[in-house]
Amino acid sequence: MSVCSCISTTCVVIVILQIIKTLVPWLYKNLLGPKFFGPKIDVRRMGQWAVITGATDGIGKAYAKALAKKGVNVVLISRSKDKLEKVAEEIKSASSAQVKIIDVDFTQGPEIYDKIEKGIAGLEVGTLVNNVGMSYANPEFFLSIQDRDKLLRDIIECNIHSVTHMCKLVMPGMVERKKGVIINISSLSAVVPSPLLSVYGATKAFVDKFSVDLNTEYSSQGIIVQSVLPGYVATNMSKIRKETFLAPNSDNYVASALTTLGITTRTTGFFPHSLMKLTVDIIKAVACEPAANKLSLKTMLNIRKKALRKKAQ
Ligand SMILES: NC(=O)c1ccc[n+]([C@@H]2O[C@H](COP(=O)([O-])OP(=O)(O)OC[C@H]3O[C@@H](n4cnc5c(N)ncnc54)[C@H](OP(=O)(O)O)[C@@H]3O)[C@@H](O)[C@H]2O)c1
């Protein structure tokens with residue numbers, strides 16, 4: 001064998017080994033693990049109660065219903081008391097779980113956390129779902145966001161401060177009992193280009209990074225922090241009415257996301273969303289990052305145009 005063919009064979013072997021090293025864990029975390037082995041954590045064994053923020057609609061409500069069905073009592077936190085009461089009744093009639101409600105607006109100041117602290121005092125909280133989040137009414141250029149100062153402050157309060165404050169309230173009990181699960185809802189927009197949603201995407205990148213590092217800090221104490229990065233889910237926030245292959249309804253999304261518990265601490269929660277992220281990563285690697293950014297901007301400009309046209313009607 002010539003030196004040349006020996007080098008090319010070695011290169012091919014290295015490339016194949018690299019592909020296997022990347023592909024096998026990806027398939028396990030995104031498809032095979034959740035489908036055949038997940039969830040690997042029994043939330044009931046983490047503690048009798050789960051606390052869910054933004055629990056009256058969409059993904060948060062779906063987590064609350066699913067956790068109650070698994071036999072965990074739930075504390076629902078959201079801003080509208082009447083909606084909270086309605087969802088509490090719905091959960092009680094569909095499960096044997098106890099339900100508590102706390103009405104607070106996460107865009108308000110730090111005082112709201114005193115009310116939450118009192119509301120969950122004495123409860124054995126084993127699961128925390130930091131779900132509450134807000135975005136813009138429609139994709140927009142940073143300088144053209146309507147009522148910009150207030151909206152940006154609200155988004156940061158709701159998407160970032162809620163997560164750190166809630167962890168601060170709930171984690172001491174978990175550390176004491178040496179067990180607990182924290183599910184932080186980030187977004188795919190944290191890790192793929194999200195022009196015209198720049199502030200929203202940045203708050204979700206905070207949630208993702210905070211979760212990864214918090215997990216490293218506390219995993220030796222029995223606490224699992226999972227960062228969940230959904231793509232589109234058919235909810236009020238996305239304004240997608242009907243579920244599609246790429247945009248499941250919130251119940252189907254959460255059923256899928258829960259199967260990843262104990263399998264991976266960083267997940268899109270839904271296989272088609274993992275495929276979306278993979279596609280963006282491939283475009284970035286093959287066509288380079290500016291091309292991926294440009295493509296995203298074009299898509300977002302189209303969404304913005306449609307939204308503005310609808311608003312004007
Ligand atoms: N839907 C998606 O496509 C998508 C994709 C990626 C990530 N996410 C993330 O998933 C999470 C849930 O989104 P979703 O689509 O399920 O939203 P949603 O359907 O609009 O529901 C949001 C929930 O949060 C509550 N909420 C909103 N603002 C609040 C505030 N200031 N104070 C207290 N409660 C408040 C709402 O209460 P009310 O009922 O009173 O409004 C509702 O219960 C968010 O963090 C979002 O960023 C969503």
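Asparagine 215 is buried, with a relative accessible area of 14%. This value, like every other one here, comes from a predicted model. Asparagine 215 belongs to helix α7, and α7 (198-218) is also one of the elements that give two or more residues to the shell around the ligand.

**The ligand and its shell**

- The ligand has 31 residues around it, and those that come nearest are Thr56, Ser80, Lys83, Tyr200 and Thr235.
- Sorted by class, the shell holds 12 nonpolar, 14 polar and five charged residues.
- In serine 80, an N or O atom of the side chain is 2.5 Å from an oxygen atom of the ligand.
- In tyrosine 200, a polar side-chain atom is 2.5 Å from an oxygen atom of the ligand.
- In asparagine 131, the atom concerned is a backbone N or O, and it lies 2.7 Å from an oxygen atom of the ligand.
- On its own the ligand has 900 Å² of accessible area, of which the protein covers 93%.
- Two or more residues of the shell come from each of the elements α3 (58-69) and α7 (198-218).

**Helix α5**

- Helix α5 spans residues 112-120, and its buried residues are Ile112, Tyr113, Ile116, Gly119 and Ile120.
- Why do these residues count as being on the same side of α5? They cover an arc of only 115° around the axis, and therefore share one side of the helix.
- The elements that the buried residues of α5 pack against are the strands β1 (49-53), β2 (73-78) and β3 (99-103), together with helix α6 (148-177).
- After α5 comes glycine 122, which has a positive phi, near 85°.

- Asparagine 215 counts as buried because its relative accessible area of 14% is under the 20% cut-off.
- Leaving aside neighbours within four places in sequence, asparagine 215 is in contact with Ile223, Ile224, Val225 and Thr265.
- Tyrosine 218 is also found in helix α7.
- Is tyrosine 218 buried or partly exposed? Its relative accessible area is 24%, so tyrosine 218 is partly exposed.
- Beyond its neighbours within four places in sequence, tyrosine 218 has contacts with Met171, Val175 and Ile223.
- Lysine 178 is 40 residues from tyrosine 218 in sequence, while their C-alpha atoms are 9.5 Å apart in space.

**A residue of strand β5**

- Strand β5 covers residues 180-185 and contains asparagine 184.
- The relative accessibility of asparagine 184 is 0%, so this residue counts as buried.
- Which residues does asparagine 184 touch, not counting those up to four places away in sequence? They are Asn130, Val163, Val207, Phe210, Ser211, Val225, Gln226, Ser227 and Val228.
- Val225 is among the contacts of asparagine 184, and Val225 is also in contact with asparagine 215.

**A residue in a loop**

- Lysine 40 sits in the loop between helices α1 (3-37) and α2 (43-46).
- With a relative accessible area of 52%, lysine 40 is exposed, since exposed means over 50%.
- Not counting residues up to four places away in sequence, lysine 40 touches Tyr28, Leu261, Gly262 and Ile263.
- Threonine 260 is 220 residues from lysine 40 along the chain, and the C-alpha atoms of the two are separated by 7.8 Å.

Note on methods: Residues numbered from 1 in each chain as written. Predicted model: local features only at pLDDT ≥ 70, side-chain atom pairs only at ≥ 80, totals over all residues. Heavy atoms only, no water. Near = heavy atom within 4 Å. Polar contact = N/O pair within 3.5 Å; in protein donor to acceptor, adjacent residues only side chain to side chain. Areas by Shrake-Rupley, 256 points an atom, 1.4 Å probe, with all protein chains shown as cover. Helix = DSSP H or I, 4+ residues; strand = E, 2+ residues; numbered from the N terminus. Nonpolar A, V, L, I, M, F, W, Y, C, P; charged D, E, K, R; others polar. Buried < 20%, exposed > 50% of the residue type's maximum accessible area, 1.4 Å probe, protein only. Arc of directions from axis to C-beta. Contact = heavy atoms within 4.5 Å.
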